Amino acid sequence: MADKRDYYEVLGIAKGASEDEIKRAYKKMARKYHPDLNPDNKEAEEKFKEVNEAYEILSDPDKKARYDQYGHAGVDPNFGAGGGGFDGSFDFGDLGDIFGSFFGGGFGGGRRTNPNAPQRGESIRQSLAISFEEAAFGCEKEVTVDRMEQCETCHGNGCAPGTTPEICPDCHGTGQVQVRRQTPMGVFATSAPCAKCGGKGRIIHQPCKDCRGTGSVRRRKTIQATIPAGIDNGQTISIRGQGHAGINGGPAGDLLITITVRPHELFRREGTSVLCEAPITFAQAVLGAELEIPTIDGKVKYELPEGTQSGTTFRLKGKGIPAINGRGRGDQYVTVYIETPRNLNKEQKEALKKFAESVGDNNYEERKKFFRKFKK
C-alpha cells in the first residue's frame, strides 16, 4: 500500500477534478503508455497498468468517494472497506476514437462504415480559359473529361451477368474482423480489414469481364457547360452529377470547372466595373471633342468637354459587367490622358510658340498653384 502513487497524481489531475477531466486525462495517459505504442517497454507497460487502475477507481463515483475519504485502503478489499481493486480487465469501449486511428478500427465502441453502403462518387476538377467578353456575357462551352462510369454490363455490381456476389462468411459483410490479443492488462480487441474479402464485405467469384469486378469503367465524355454572364477569373461553377460514378448505387460526383479569364488588350475589370484608358490630343483636351470610346458592347460616342485635364476619368453608365446574380450591370470608367505630339516640323513649332506666348501663365491654374507652393 505504501508504494502506491496517488491516483490523481497518476492521471496528472487535481483532487476534485470533474468526470470529464478525469476521462480526458485517462485517454491522454492511456495513449501515451499503451503497449502497442511502446513494444518491449516494461516501464511503459507498468505505467499503463497504473493508469488503468487509477481510472477504474476514479471513474466510479462510489469507489472515488471511498478513495477520497480513506485513500488506497478505502478501495482495497484486503482492508475490509468494500469495493474491489483492479482485476486486470477493463471496458475500452470509450477509447475507440483514440486507438482506432492507431490500430485500424478501435475498440468495442468504435463506429464502422458498411463497405457495401452507397457512396457518392468523387468530383472532377477541370479548368477552362475564356475571353473577357465571354466572361462578361456568358457562353456555352464543351468540356471533355475522363471519368469513371457505371459498367453497363454488370450495372455496377462487378459480377459477370447471371451471377451475384457472396456475402463474406468471415466478416458477414462488414469488411472488418475483430482480433483479440491476450496481454498482461487483459484481453484487447481491435478491428482489422477482413483478409478473406479484402475489406469489401463481399466476394465476387466470377468478375465482370468489362470492368474486371470493379463495377465501373473509364470513359471520355464531352459535356456542355453553361458559363453564366458576369463570372470572374478564378470562380468555379458546378455541374451536378457529371463527376465520377458513385459506388454501390450511390450518386455521381460533380464536375467543378474553374474559370480563367484571358486578359483583354484594352479593358481590365474590378468587380462589375470595366476600366480603360484612352489617349486624346492636346487640341481635343483644350477645345473639347466628340470621342469614340470602345466598350464591351461596341463603340459609343462621348462629348469631351473643353479644358479636360490629363488623368480625368468619366463614367459610361451601364457599360460594365453584368452582375452574376442577374441584378443589374456595372459601369465603364474611362481615364483620358493627353498624348504629346512628336516630330513637329518648323512651322508647327513656330505656331506652338506663338500660341504659348499668347496664352501666358494665367490660363494654367495648376501650374500657378504649384509654383506658389514651391515659393513657400
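**Cysteines and salt bridges**

A: The structure holds zero disulfides. Keep in mind that this is a predicted model.

Q: What is the nearest cysteine sulfur to Cys 151?
A: That of Cys 154, which is 3.8 Å away. A disulfide needs the two sulfur atoms within 2.5 Å, so Cys 151 is in no disulfide.

Q: And Cys 194, what is the nearest cysteine sulfur there?
A: The sulfur of Cys 168, 3.7 Å away. Cys 194 is in no disulfide either.

Q: Is Cys 151 buried or exposed?
A: Cys 151 is buried, at 2% relative accessibility. Cys 194 is buried as well, also at 2%.

Q: OK, new topic. How many salt bridges are there?
A: The count comes to 18 salt bridges.

Q: Why can side chains pair like that?
A: Opposite charges can pair when the charged atoms come close.

Q: Which residue does Arg 219 meet in a salt bridge?
A: Glu 149, with 3.4 Å from N to O. Arg 219 lies in strand E7, residues 216–227. Glu 149 lies in strand E2, residues 139–150.

Q: What does Asp 297 pair with?
A: Asp 297 forms a salt bridge with Lys 319. Their closest N and O atoms are 3.8 Å apart.

Q: Where do they sit in the chain?
A: Both are in loops. Asp 297 is in the loop between strand E12 (289–295) and strand E13 (298–304). Lys 319 is in the loop between strand E14 (313–316) and strand E15 (332–338). They are 22 residues apart, and the pair links distant parts of the chain.

Q: What about Glu 339, what does its side chain meet?
A: The side chain of Arg 342, in a salt bridge of 3.5 Å from N to O. Arg 342 is exposed at 61% relative accessibility. Glu 339 is partly exposed at 41%.

Q: Last one. Which residues are linked in a network of salt bridges?
A: Glu 290, Glu 292, Lys 299 and Lys 301 are linked that way.

Technical notes. Residues are numbered from 1 along each chain as its sequence is written. This is a predicted model: local features need pLDDT of at least 70, side-chain atom pairs count only at pLDDT 80 or more; totals for chains, interfaces and linings use all residues. Side-chain values use heavy atoms; hydrogens and water are left out. A salt bridge is a side-chain nitrogen of Lys or Arg within 4 Å of a carboxyl oxygen of Asp or Glu. Helices (H or I, at least four residues) and strands (E, at least two) are DSSP runs, numbered from the N terminus. Buried means under 20% relative accessible area, exposed over 50%, partly exposed in between (1.4 Å probe, protein chains only).
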